[in-house]
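Let's take a walk through a protein fold together. Keep the picture in view as you read, and look for each piece when it is mentioned.

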Amino acid sequence: MKPQSIYLDCNATTPLEPAVREAMFQYFDEEFGNAGSRTHEYGTRAKVAVQAAREQVAAVVGADREEVIFTSGATESDNLAILGLVPELLRVGKRHLITSQIEHKAVLEPFEHLGKNGFDVTLLPASAGGYVEPDSVRKALRPDTGLVSVMQANNETGVLQPVAEIAAALDGHPAFFHVDAAQGFGKDLLTLRNKRIDLISVSAHKLYGPKGVGALIARRRGFVKPPLAPLMFGGGQERGLRPGTLPVPLIVGLGVACKLALENHAARAERCKAVRHAALAVLGRLNPVVNGEAGRALPHVLNMSIEGVDSEAAMVALKEIVAISNGSACTSASYKPSHVLTAMGLPEGRINGALRLSWCHLTPDVDWSRVADALQSCRV
């Protein structure tokens, strides 16, 4: 059997942590009760498991378990955070919204929808380093600004956004602050513990958990919950904000993934740094240009361009060695240039040649010399 290529696309989705898989199967096979069933022990045990997972998710950001709303993933969480605020924003006359040009489509498209329906949307540019300048947020704020949404870490470049500085810029302003934390949750820990962040979107499958589950953390400001309205109806689960039978095994998996993220954060980061160091030590002979300020990037992400190398040709040349991408998995069916790299003002050739490599603590050692040779072979 031909050996598989080594998976280097962890920003698209991560492998499942073995301990997560083990915990989930107990709730598929044995404890299969509905957490909403109140008349027997199967339902009670399922509810206890869900509440334990809620606490594990909340612990990552220093929230209360009552502030965790389970969803199908970060895309749904983003939509609930943004669109769920609309009735309240309309009621109080806050029709101005701020986000950035480098957000995931799960944020940009709801903002685009609102922009077509009576809201005034400000799309902030990114610096050449791949991040939003906090001062641009400060300057964009208006008395009628109701929501600011900026991601924690960019999914294409891995660049951490200055969330703490943006939170400081919002000091004294009542606008809600939403952070799409799909890529950084459980990896960059301190940022999301900032109490000025009102809403945090989470996805399990970016954190070595299962696909199909995530969370929206809706943090109280003082004793007041964010005034979210549901986007769906029918059942009243999750305090009326997200109806439907809770997928207990998936929720348990997310909880265990969060627990392990806290316990193993330092060791995972060190392993990822070691992989990055090894990659750059060998690939350096090709003189790659790193897209995004390297000092701000998460240690498991490398977005680079190599002169004379087209990304499509490179992915074909590397197909049997490593599995990589040239951008977001959500837009991989599209051959449009990366909106993130375009917003950073990078030249067309550099954008067309961009390759995203992303790994994790579960990634085996990579033969970087083979990778470099393959990239050299497709140089024009």
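Start with helix H3 (residues 74-83), which lies across S2, S5, strand S6 (176-180), S7 and S8. "Lies across" rests on contact, meaning heavy atoms within 4.5 Å. H3 runs at about 165 degrees to S7; axes are lines fitted to C-alpha atoms, for helices over the stretch in contact, and angles run from 0 to 180 degrees between N-to-C directions. Helices (H or I, at least four residues) and strands (E, at least two) are DSSP runs, numbered from the N terminus.

This is a predicted model, where local features need pLDDT of at least 70 and side-chain atom pairs count only at pLDDT 80 or more, while totals for chains, interfaces and linings use all residues. Residues are numbered from 1 along each chain as its sequence is written, and side-chain values use heavy atoms, leaving out hydrogens and water.

Now for the sheet. Seven strands form an open sheet in the order S2-S8-S7-S6-S5-S3-S4, with mixed pairing; two strands pair if DSSP finds at least two bridges between them. Strands S2 (68-71) and S4 (120-124) stand at the edges with a single partner strand each, so one side of each has no neighbour in the sheet. From one strand to the next, the twist averages 20 degrees. Inside the sheet, S3 (residues 96-100) and S5 (residues 145-149) pair in the parallel sense over four bridges, and Ile98 stands opposite Val148 in S5.

Another helix to find is H2 (residues 41-61), which lies across S2, strand S7 (199-203) and strand S8 (214-218), at about 110 degrees to S2.
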